[in-house]
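Here are a few notes to go with the model, written for someone new to reading structures. Keep the viewer open and follow along point by point.

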Amino acid sequence: MAFDGITVANIAKELNDCLKGGRIYKIAQPESDELLITIKNNGSQYRLLLSADASLPLIYLTDKNKPSPMTAPVFCMLLRKHLQNARILDITQPGLERIIRIHMEHLNEMGDLCAKTLVIEIMGKHSNIIFCNEEDVIIDSIKHISGMVSSVREVLPGRKYFIPQTQNKSNPLELVETADLSGLNLDLIHNKQDFMDKFPLIPQPSYKALYTTFTGLSPIMAQEICYRADVDGDMPANALDETALEHIYVNLSSMMEKIKNGSFEPNIVYDNNTPIEFAAVPLSIYSGKNNTRFSTISEVLEHYYEEKNTITRIRQKSADLRKIVQTALERNVKKYDLQLKQIKDTEKRDKYRIYGELLNTYGYNVEPGAKSMQALNYYTNENITIPLDETLTASENAKKYFDKYGKLKRTYEALSELTVEVKEEIEHLESISTALDIALQEEDLVQIKEELIESGYIRRRGGGKKAKITSKPFHYISSDGFHMYVGKNNYQNDELTFKFATGNDWWFHAKQKPGSHVIVKSEGKELPDTTFEEAARLAAYYSKGREQEKVEIDYLKKKDVKKPNGAKPGFVVYYTNYSMMIDSDISGLTQIT
């Protein structure tokens, strides 16, 4: 994630555009490390979310409200006392640090005008929200940091606020062609000549040298600069020639110039429908992915983390089900491997039968006490050597071999049936695992849990009543206007294929892979090629093969799909079908919610 100084610069600009001159109307503290401030400005009302959460620090404007505790925390009460109806003078970002300072003025109890600053530090586990007076002395903070916690800086009431200089980095916003170096740290990079002289001395990959040398650059943004400069970011900085150095400097300077001018293009990069990155500037490094632009960085942050949180939350909710499925799957795979090994051991059964037959045929020539016998195998016309137990007669040896043959034959027949059952159970469990990967909401998990209960993997609780099912299949519209439906689990697959679809509707499924049944309602019309391809992409995406570059998809009329008697949910057979190889990119498809 590119929550770096550039993203913070975009946030600072947006907040200035919306909030500068506005007055604070409400202050709430929904969580122990989070503030929700309502501001009125120019006839509009804004909600500013500030979070110092160690795992997900954030600051953005939102339309959504959050419930607050009945009793406001001490820090919230303090802010209300000082900042209720305060006017926002300015919002600044020091350098390209991940810090925003909200400068405000208000009237104190005596009616005198006072200045205050609310500092928001977006620094991972060191994130904080700090309230300071006009002399930058800390009044209070949402997190208290004592000297026992941090040797770099204490964040406590009465202490002087300062930005911790934990890393000796250059400010890329100050890069100029020439500069007066008097009074500046000569170890840092201040201009182009500094860059050309000092950057090649760094024995690190070029992209890493960028983000460790300059403030506010994330690894992904450093890679972006190298990509724009047509330089391999993994090449060491001390191996770059002068042309490559020049290109990196030009692209870095160009990006900084746009930031100083407030020229931002907030966007989210999607891999199919999954958000993988966001930024305040275009990410050409992801040119092959779907890049969605937004009007504000607040929209980007809200969309990105909301979608990410949805995936994270459903993963947490499904953890118990995943463990049950994975345990059962591992047990069945071990059982299946053992059975295959045992079947392989039965392959020599016919050899023992032939030994017995040849002994019955030629055994009269065997002398007592012989350890082997040479005989012509009349099945292959080859001479073979038959090992013998010298304590037994030829007929007794023949009986011994026939007994071995009979035992191995019975084992083979029993295992042949068992392996089919275990293989079907493995496929069933893999299909449930894929359904858990597809699930996006809690109601999707209810139906999967019901299947595990009916399959005997989970005991039903609460008097044996079935859970209420509210989950519905995914619904898409093809480019040509045809309705396409995707089952989220095995029960929905059966429902779609055998109850919802009619005979001339089209059925799609990933070949020999667990995944969703996709139904295209033909409405008695002939499907265009585009709709066939889009339905196939859906079948590829909602299958175990979604990460592959291409997936083979089988498709046929629904009337040719059959379900064997007693088959497990979602299992079907068909004998005539078409196939196509297709990618799993469904980013261009329209989903009906």
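**Notes on a predicted model**

1. Before anything else: this is a predicted model.

2. Next, a bit of backbone. Most residues other than glycine have a negative phi. N42 isn't a glycine, yet its phi is positive, near 50 degrees. Look for N42 in the loop that links β2 (34–41) to β3 (44–51).

3. N85 is another non-glycine residue with a positive phi, this time about 70 degrees. You'll find N85 in the loop between α2 (74–83) and β5 (87–92).

4. Are these two asparagines buried or exposed? N42 counts as exposed because its relative accessible area is 71%, and the cut-off is over 50%. N85, at 47%, is partly exposed.

5. Now for a pair of helices. The axes of α4 (residues 206–213) and α5 (residues 219–228) come within 8 Å and cross at roughly 125 degrees. That angle makes α4 oblique to α5, and the crossing is right-handed.

6. Which residues make that contact? From α4 come S206, Y207, L210 and Y211, while α5 brings P219, A222, Q223, I225 and C226. Sorted by class, the contact has seven nonpolar residues, two polar ones and no charged ones.

Methods. Residues numbered from 1 in each chain as written. Predicted model: local features only at pLDDT ≥ 70, side-chain atom pairs only at ≥ 80, totals over all residues. Heavy atoms only, no water. Helix = DSSP H or I, 4+ residues; strand = E, 2+ residues; numbered from the N terminus. Buried < 20%, exposed > 50% of the residue type's maximum accessible area, 1.4 Å probe, protein only. Axes fitted to C-alpha atoms, helices over the stretch in contact; angles between N-to-C directions. Parallel < 35°, antiparallel > 145°, perpendicular 65-115°, else oblique. Left-handed = near helix turned anticlockwise from the far one by under 90°. Contact = heavy atoms within 4.5 Å. Nonpolar A, V, L, I, M, F, W, Y, C, P; charged D, E, K, R; others polar.
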